[in-house]
Amino acid sequence: MSETLSREFDQLAPGAGFRSRGRTITEADLVSFATLTGDFHPVHTDAEWAGASEWGGRIAHGMLLLSYCVGLAPFDPAYVLALRGFERVAFKRPVRIGDTIRVEGELDSTKELDAATGLVVFNWKIVNQRDEVVALARVRVVWRRAPLPALAEREEVYL
């Protein structure tokens, strides 16, 4: 289904979908993300505190999930110029160390922005290894109207 994201803008069709590969969340992921972001909330970093909380143990940062899902989505760099933004993100279930997440996306709409770019809107379901929805998001992506030429096809300007 990743062919959905390897198409020219004018060939994209609402309703087309994709399913990403999986990614297992590790303790190193939580520690690294906390270090990178400065978000050391004890529900993510303190096993004793998190174990006594209503979550019953440490859980992944919501923003960690979104970050990983951007990497999991099979975006083709020949077409995808930039992530424009997330809309209506909702975290539905906790993701724990050892859970494996993936993205199931459906193309919602397209809109021409200018001669070179268009806006593509996806609805994402982030699911775990039990097919439970852990998060929902609406994602806006800036799409090239024509793909970048392959490196071999580009004109050499520094000769």
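Student: Is Pro94 buried, partly exposed or exposed?

Tutor: Burial is judged by relative accessible area: buried means under 20%, exposed over 50%, and partly exposed in between, with a 1.4 Å probe and protein chains only. Pro94 has a relative accessible area of 27%, so Pro94 is partly exposed. Please note that this is a predicted model, in which local features need pLDDT of at least 70, side-chain atom pairs count only at pLDDT 80 or more, and totals for chains, interfaces and linings use all residues. Residues are numbered from 1 along each chain as its sequence is written, and side-chain values use heavy atoms, with hydrogens and water left out.

Student: Where is Pro94 placed, and which residues does Pro94 contact, leaving aside neighbours within four places in sequence?

Tutor: Helices (H or I, at least four residues) and strands (E, at least two) are DSSP runs, numbered from the N terminus. Pro94 lies in the loop between β3 and β4. Contact means heavy atoms within 4.5 Å. Neighbours within four places in sequence aside, Pro94 is in contact with Trp55, Ile59, Asp99 and Val134. Val134 is 40 residues from Pro94 along the chain, and their C-alpha atoms are separated by 6.6 Å.

Student: How many helices and strands does the chain have, and what pattern do they follow?

Tutor: There are four helices and six strands. Along the sequence, the pattern reads β-β-α-α-α-α-β-β-β-β.

Student: Which strands pair with β4?

Tutor: Two strands pair if DSSP finds at least two bridges between them. Strand β1 (residues 17-19) pairs with β4 (residues 100-112) in the antiparallel sense over three bridges, and Gly17 has Glu106 as its bridge partner in β4. Strand β2 (residues 23-24) is also antiparallel to β4, with two bridges; here Arg23 is partnered by Ile101. Strand β5 (residues 117-127) runs antiparallel to β4 and is joined to β4 by ten bridges. These two strands, β4 and β5, form a hairpin with four residues between them.

Student: Which strands are joined to β6 by bridges?

Tutor: Strand β5 is joined to β6 by eleven bridges, and the two run antiparallel. Within this pairing, Leu119 stands opposite Val142 in β6. The hairpin of β5 and β6 has five residues between the strands, and Asp131 takes a positive phi near 65 degrees there. Strand β3 (residues 80-91) is joined to β6 by eight bridges, again running antiparallel, and the bridge partner of Phe91 in β6 is Ala135.

Student: Is Arg138 buried or exposed?

Tutor: Arg138 is found in strand β6 (residues 133-144). Its relative accessible area is 17%, and therefore Arg138 is buried.

Student: With which side chain does the side chain of Arg138 make a polar contact?

Tutor: A polar contact is a pair of N or O atoms within 3.5 Å; within protein, one must be able to donate a hydrogen and the other to accept it, and residues adjacent in sequence count only if both atoms are side-chain atoms. The side chain of Arg138 makes such a contact with the side chain of Asp108, at 3.2 Å. Not counting residues up to four places away in sequence, Arg138 touches several residues, including Gly85, Phe86, Val121 and Asn123.

Student: What percentage of the residues of the chain count as buried?

Tutor: Of the 159 residues, 37% count as buried. Among contacts in the chain with a separation of 6 or more, 67% are between residues 24 or more positions apart.
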